[in-house]
Amino acid sequence: MSLPQVLQRVPLPIIGAPLFIISHPRLVIEQCKAGIVGAMPALNARPASQLDDWLAEITETLAAWDRDHPDQPAAPFAVNQIVHRSNDRLEQDMAVCARYKVPIVITSLGARTDINDAVHRWGGIVLHDIINNGFAHKAIDKGADGLIAVAAGAGGHAGVKSPFALVQEIREWFGGPLALSGAIATGDAVLAALAMGADFAYIGSAFIATVEARASDAYKQCIVDSNSDDIVYSSLFTGVHGNYLKPSIRAAGMDPDHLPESDPSKMDFGGGPDGEPSAKKKAWKDIWGCGQGIGAVKAVVPVAERVSQLRAEMATACRRLAAMDSLARLNCLG
């Protein structure tokens with residue numbers, strides 16, 4: 001199955017994951033200009049009225065870039081919508097996305113036919129993130145155009161399935177757009193995702209350690225200084241299991257190796273009466289989400305440099321594969 005036209009406009013097979021708190025217009029714009037899909041959660045815009053300003057900035061800046069660089073147009077951008085029932089902004093945020101005809105909507109924590117239909121009415125597509133094959137079936141049955149397979153090792157809310165198992169199970173029945181998430185931080189890993197059957201690599205944590213990311217310097221440096229041993233998988237902070245940096249948990253006065261479990265029914269993605277995060281969510285704002293792939297992140301660099309590095313690593317990996325006698329005997333690389 002061929003990709004939807006909007007995804008055919010992505011020069012590199014990479015989607016920058018929408019990062020809670022961190023993604024904002026500057027990061028999204030630089031990702032798109034560098035040739036990958038830039039994405040941000042709608043809920044990052046606080047108060048809610050700011051989302052209109054942000055989408056205006058993104059669409060106007062990328063349109064100007066395309067006019068000035070006709071031979072190097074920007075990749076499309078995406079907005080992440082949390083469709084969980086506790087998100088009391090969803091209807092308002094969807095109306096703003098409709099005004100700007102957001103080309104790609106990424107939905108999380110629930111698949112809803114009405115949301116998918118709304119996006120399709122303005123000409124957009126929906127990618128739904130899932131952690132297992134059962135949720136993948138439900139998403140497609142409810143009208144999502146594509147899937148984001150969130151495998152073990154992904155930053156933030158993550159699953160426990162091996163990426164090999166998850167992609168294989170999905171590709172047995174689904175031939176549409178598929179992105180793979182889970183500890184992908186190098187061009188080698190991007191190429192591996194494509195070899196497994198994904199169309200895109202879904203990368204988040206590596207872009208936290210960029211100049212344009214709206215993260216504290218301490219957060220960015222912690223990623224540079226850490227590796228997979230410094231990640232803990234916990235449901236305490238949002239009610240959904242996710243991966244977090246142990247040093248940030250210790251700094252909050254907790255033992256990352258002995259965290260209690262949270263009740264998933266207590267998930268709350270709504271805001272206070274002024275649209276600001278609730279007091280509980282503010283308490284966790286310095287607990288840093290992060291995936292297991294960060295051992296490959298050695299410095300804080302501009303987005304353009306990080307994407308250029310990924311591109312170069314993909315090319316090197318391709319050459320390495322082409323030189324392998326075992327693959328040459330299979331005649332699979334031309």
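How many strands form the open sheet with the order 7-11-10, and is the pairing parallel or antiparallel? There are 3 strands, and the pairing is antiparallel.

Before going on, a word about the source: this is a predicted model, where local features need pLDDT of at least 70, side-chain atom pairs count only at pLDDT 80 or more, and totals for chains, interfaces and linings use all residues. Residues are numbered from 1 along each chain as its sequence is written, and side-chain values use heavy atoms, with hydrogens and water left out.

Helices (H or I, at least four residues) and strands (E, at least two) are DSSP runs, numbered from the N terminus. Two strands pair if DSSP finds at least two bridges between them.

Strand 10 pairs with strand 11 (residues 242-245) in the antiparallel sense over 4 bridges. Isoleucine 231 stands opposite leucine 245 in strand 11.

Another open sheet has 8 strands in the order 1-9-8-6-5-4-3-2, with parallel pairing. Its edges are strand 1 (14-16) and strand 2 (38-41), each with a single partner strand, so one side of each is left without a neighbour. From one strand to the next, the twist averages 25°. Strand 2 runs parallel to strand 3 (residues 77-82), and 4 bridges join them. Alanine 39 has alanine 78 in strand 3 as its bridge partner.

Contact means heavy atoms within 4.5 Å; axes are lines fitted to C-alpha atoms, for helices over the stretch in contact, and angles run from 0 to 180 degrees between N-to-C directions.

| Helix | Strands | Angle |
|---|---|---|
| Helix 2 (residues 25-33) | strand 1, strand 2 and strand 3 | about 160° to strand 2 |
| Helix 7 (residues 163-171) | strand 5 (125-130), strand 6 (146-150) and strand 8 (178-181) | about 165° with strand 8 |

**Two loops worth a look**

In the loop between strand 1 and helix 2 you'll find isoleucine 21. Its phi is near 75°, a positive value in a residue other than glycine. Proline 47 sits in the loop between strand 2 and helix 3 (50-68), and the peptide bond from arginine 46 to proline 47 is cis, with omega near 0°.

**A helix pair**

Helix 8 (residues 187-196) and helix 13 (residues 303-322) cross at roughly 65°, their axes coming within 7 Å.
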